[in-house]
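Q: Please take a close look at one part of this model, the salt bridges of its helices, and describe their residues in a connected account.

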Amino acid sequence: KQWYQRRVRGGAVSLFCGTTRDTFHGRTVLRLEYEAYESMAVRVIGEIVAELRGKHVRRVYVAHRTGVVPVGHVSIVVGASSPHRGAASEFVGRAVDEIKARAPIWKKEWYEDGGVWKKN
């Protein structure tokens, strides 16, 4: 997908890329593994986008990986365009929070001494 504005109505693009960090609470992270109830996750993310979009957000992009995500790699991308930066930035931040809270996506954090399943 290309991230240029095809129309001049959008003056701002806000983008969030969530990556696998190398430590969590002092423990070395080796990788993350994501699982999802995919059809429901797609529906829930669509509902979140519809709820948060408002009248100022023009275009939206959301992607969340499943499977193994190594340290430093991206697991979630949320982007939005709007005429001004405030609406795009607010949408992106709220969308990430809502996706983490509501979408049926789970992650397993792998450490040197084993893995732990967590709600995304």
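A: E47 is partly exposed, its relative accessible area being 33%; the term covers values between buried, under 20%, and exposed, over 50% (1.4 Å probe, protein chains only). The model is predicted: local features need pLDDT of at least 70 and side-chain atom pairs pLDDT 80 or more, whereas totals for chains, interfaces and linings use all residues. Residues are numbered from 1 along each chain as its sequence is written, and side-chain values use heavy atoms, without hydrogens and water.

E47 forms a salt bridge with R43, with 3.2 Å between the closest N and O atoms; such a bridge requires a side-chain nitrogen of Lys or Arg within 4 Å of a carboxyl oxygen of Asp or Glu. R43 is likewise partly exposed, at 47%. Both residues belong to helix α1 (residues 38–52), where they are 4 residues apart, about one turn; helices are DSSP runs of H or I with at least four residues, strands runs of E with at least two, numbered from the N terminus.

In helix α2, R102 and E98 are also 4 residues apart, about one helical turn, and their side chains form a salt bridge of 3.0 Å, N to O. R102 is partly exposed at 32% relative accessibility, and E98 is partly exposed at 29%. Together with E51, these two residues are linked in a network of salt bridges.

E109 and K118 form a further salt bridge, with the closest N and O atoms 3.0 Å apart. Here E109 is buried, at 3%, whereas K118 is partly exposed, at 26%. The structure holds 8 salt bridges.
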